[in-house]
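Trainee: Could we go through this structure together, one question at a time? I would like each answer to end on the value or name I asked for.

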Amino acid sequence: MSVIGVEGEDREHLSKEERRHLRRRSFALLRSLLHPVRGTVALTAAVVVISSAAQVAGPALIAYGIDAGLPALLRNDWLPLGLAVGAYIATGVLGAVLIAWYTVLTARVSQAILIDLRRRIFLHTQKLSLEFHENYTSGRIIARQTSDLDAIKELLNSGLNQLVQGGLYMLFVGVAMFIVDWVSGLVLLASIVPLAVLTRWFQLKSERLFRRTRVASARLIVQFVETMTGIRAVKAFRKERRNDDEFAEQVEEYRSANAKVIGAFGTYEPGLILIGNLALAAVLLIGGFRVVDGSLAIGVLLAALLYTRNFYAPAEDMAMFYNSYQSASAALEKISGVLEELPGVPDPADPEPLGHPAGHLEFDSVTFAYTPARVVLPQFSLDIPAGQTIALVGTTGAGKSTLAKLISRFYDPSEGAVRLDGVDLRRLKPDDLRRAIVMVTQEAYLFSGSVADNIALGKPGASMEEITDAAKAVGAHDFIVALPDGYDTDVNKRGGRVSSGQRQLLSFARAFLADPAVLILDEATASLDIPSERLVQRGLQTLLADRTAIIIAHRLSTVAIADRVLVMEHGRIVEDGAPDDLIAGDGRFARLHSAWRDSLV
Amino acid sequence: MSPRPHSTDRHKPRDRRKPRDPRQSRPSTARAIARLYPWARPALPRIVLGAVAALTGAVVALLIPQVLRSLVDGGLSDGDPAAIWPAVGLVTALGVLEAGMVALRRWFVLVPGTRVEAAMRQDFYAKLQDLPVSFHDRWPSGQLLSRVVSDLNLIRRWLSFGVVLLVVNTVTILIGMLLLWQLSWQLAVLFLICSVPLWVYGYRFENKYSAVARRSQDQAGDLATTVEESVHGIRVLKAFGRGHHALERFSQQAEELRTTEMEKARAIAGIWLWLLLVPDVTFALSLFGGVLLAVAGEVSVGALVAFFATATVLRWPVESIGFLLSMTFDTRTAVDRFFEVMDERNTIVDPVAPSTVARPQGRLTFEDVHFRYHDAPAGQRDLLDGIDLDIRPGETIALVGLTGSGKSTVTALTTRLYDVTGGRILLDGIDIRDLTREELRSHIAMAFEDATLFSASVRDNVLLGNPDADDDALREALEIAQAGFVYELPEGVDTMVGEEGLSLSGGQRQRLALARAVAAKPSVLVLDDPLSALDVDTEALVEQALRQVLASTTAVIVAHRPSTVMLADRVALLEHGRVTAVGTHSELLAGNDHYRFVLSSLEHETRPEREEAPA
């Protein structure tokens, strides 16, 4: 099994090879995130090095104060004690100020990394093909951008802090210990062995467990989002109780996964304390005998003991770091997987410029298949001159929408090329392509914001006048001004209250405002009532006069404004001609058309 | 107006009361968090035991310096090596005990903490499922998601870790002070005086920090909402090439969050500064005073050693107070956010003494039904403005009207997705508000225009309203909805669809939604424009099959097309929230201008129209 991209992310057990690949991928991502902030990182490192060194001086100064200051004072010499106390205050103030500064610096670094990462995933998921979105599901993409990012945030905010600060502190304490008393230093060094063994054990154990919690939490999020977005159907069909049961199961899975992680940590932390305390006893034992035989000053023994205690104090924080590190690296693994996915429709490396598109479309020996075995559109060629209005007709599943998606480059053809004004769509800059070709689909999604904002999505920066003109052109103006705040009405506030027909009118206005050379309407009028549809049709006649249009509609009323009708069946174009000619004939379209006429009475 | 796509206020949930000024009549953090009691209660004994274990561990750690003291003053100053072994043995024993106590603390609080979190999560979810649709209209699901995931996670960590350490560390500091006192009261007083700035700062910190914490959590919720919309609206964003545009908005929100987070970091840096500075200065002063006292013979060298060893043990508890406090305030915010939803009053509830429809006939009666959204501006007319309609058992009635005339609202009222704001709706003579929601919704089944499929098999999706039905019922429902395509799916009716499964086309989803309504075998069928996404051929087949069902079932069908209207026995014409005409299709076609306007096809467009009345 492969672990490229998002493959295998639900698996708990991975081979060594696969784990290595994931780790490499995560680290590469981490490196690239750190790169832009390396200056601040360097400064942060310098600050933390100095502050840790300053902090470490404490016990040595105490030792000096007791061993040298005390006898000196007996001789009425205040200098050594004054030096010790003065140095203590100086290092203390320096250390504290630097740590405070360090806290702000790390926040700056981690926030910079987070915002970078957020934007990267956001942009990348926007680029990924619809096919990816449909397979990977929205719940998981949301989980990647919410709970997984939370885990990384946790690591950057506190975990990394603890690691760097704690790690350096341990290092400096170790060094100071050797300087003060090398024998005790050796004891401390020896105690690192069990520490390393314990840490390795915890690392191996928790890595797998953390992966499990990520999987469990993603499932939980999917269920939650699905319930909330489908709440009407949940209620209407009394799914609440069954949902409660399913959710309870997912919550329990997440809980037990989480409990196992905390459990592993519950062994690790006391283990650390135990090692630290045993080291303390050993230092005391060896130091005690040396004090008795006069080879060690009492102050130095105290310093050694304090250092030992200090050495293990941040060890707990380091374990906390491990905690957040594991959870973040599991998250990073998934995020880097999504980022590794190649957009199904990649942007061209050196795009061809598109001036003023005329709207001439050309399918040159195009084939489209999801997999070699699942051919949706067998090879065909088609030429649509600029300015033509095409009605695309056929039963559900005949391939009409696929054809439309090839034109709007939601998919790329498996073979052959689709061209706009002679330029392969794959050679166009995404911005040029989207400016030239716009598709309106049946599902008219509204984003939170005002009605005007939603229309303006068709043309960012549009004036209010342009927005109202677009709304008037598609017959949406009247219902919009009847809303409580007119164009400023918040669509979220009215969430369920803009009817689906009205939503479709808004998405029409959006397309109208976008003013593309090629307009694709995929069942875009399905939810409209007849008077609205009539208004839209009338608007379309003017709108489509100087542009290319492909209209997919079950209601054959569209045919009235079409120059040409294409009838599709099983992925093939089986009829092609002017509407009147086809109606007059005795082909499929003639039959469909008369069936449709019958349905009108 | 400058076009700011998706502008308006950034503080969601939009209808909620404005976030209160934190300094104004805000309940104390302790009282706010105490509201967790009902969930935390089962865990409390173990949390208390955990705290006891932790405290024992802390005391044990504090005893180690005492051993050092007696060793330094005794064996070491006397030059007696024999005293070393017992002291080391004691230190070892205490060290093992401390580790054991920490393990015990973890063991005690581990499971209950996760259980509390799980219980709260389930209750939150159940509450959300219970709250009416109008609540969900108002609350973006990103805000709900951030509560159910991040906020509850935080609460769990605080319960099983934060609160225990906060209490234990505070007590440890107090006990440590006592020990210091006993070592040297002069030095202890010095220690105490030096700690005053800490307490003052800690108190001021709360005010500064909690406001920022709240803002940060709200902004994170907003960001989650934007993420969600960008994923659910991906087709629109792609079709218009607005990915970059969406990114701009997202970046702007992320920037705002970053600004808040930096403010938070500065507040934390502030408390860190004090938490480090104060102990260091205290240590320095103690060193000075301690040596002076030793010279004066007031304290022994052993006591001095023990003093510093004790103070070192206390250092971590003192430093930890900073992040424990910020964690506590974060938790308080999380608790507030949790209860914002839990406190929401459900307006659509089951009656105290429910009636029941013994033998459902399927008579649906609307008596002077009014409906308006509670936030509709005063002076605006009711959305439904006195609907009177009597649908006889077995009858099929079509609702016809312009977009926005209230058709969908009528359908939503029948199953109490919303409640009427005036008048009443009767099912077989009983006010639907006198039935339990469960019973009502088992009598009335709906098919929505935007068909929602859940992550489950086709079978489970279709049998959603009637989980006990057998394969025959399933087959029958699929046949009526012309959804035979499911048998060609990779695993037939067991194929997973929805979010986590195969994605189906709009027309396929709509047919499954219709099959779902039919399979529920209700006494009343409510269909909201159920055939809009179907092609003409399929539509004709569905209509033909649907006629058998409709022959014996009461049905309300929202219709936009004459062909759908033909399914109905009678048609009710809706205009501005009122039923202005009821009759058969041909009657209305012959005698009602507005009806002709609404339903006349494009064929008639050539005819002059007298009414081009705006909606």
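Trainee: At about what angle to β1(B) does helix α11 of chain B run?

Mentor: Keep in mind that this is a predicted model. Helix α11, residues 407–414 of chain B, lies across β1, β2 and β4 of chain B. Its direction relative to β1(B) is given by an angle of about 115°.

Trainee: In what order do the four strands of the open sheet in chain B stand?

Mentor: The pairing in this open sheet of chain B is antiparallel. Its edge strands, each of which pairs on one side only, are β2 (384–391) and β5 (430–431) of chain B. Reading across the sheet from β2, the order is β2-β1-β4-β5.

Trainee: How many bridges join strand β1 of chain B to strand β4 of chain B, and which residue stands opposite B:His370?

Mentor: Strand β1 covers residues 364–371 of chain B and strand β4 covers residues 422–427 of chain B, and the two run antiparallel. They are joined by five bridges. Within this pairing, the residue in β4(B) that stands opposite B:His370 is B:Gly422.

Trainee: Which helix gives the largest share of the side of chain B that touches chain A?

Mentor: Begin with the whole contact, in which 157 residues of chain B meet 158 residues of chain A. By class, the side belonging to chain B has 84 nonpolar, 42 polar and 31 charged residues. The largest share of that side, 28 residues, comes from the helix spanning residues 243–295 of chain B, namely α9.

Trainee: How far apart are the end C-alpha atoms of residues 41–66 of chain A?

Mentor: An unreviewed UniProt entry lists several stretches of chain A under "transmembrane region", including residues 41–66 and 186–204. In the model, residues 186–204 of chain A are 100% helix and 0% strand, with end C-alpha atoms 28 Å apart. Residues 41–66 of chain A are likewise 100% helix and 0% strand, and the distance between their end C-alpha atoms is 39 Å.

Key:
Residues numbered from 1 in each chain as written. Chains lettered and ligands numbered in written order. Predicted model: local features only at pLDDT ≥ 70, side-chain atom pairs only at ≥ 80, totals over all residues. UniProt positions renumbered as here; feature names shortened; annotations may be inferred. Pairing = 2+ DSSP bridges. Contact = placed C-beta atoms within 7 Å. Axes fitted to C-alpha atoms, helices over the stretch in contact; angles between N-to-C directions. Nonpolar A, V, L, I, M, F, W, Y, C, P; charged D, E, K, R; others polar.
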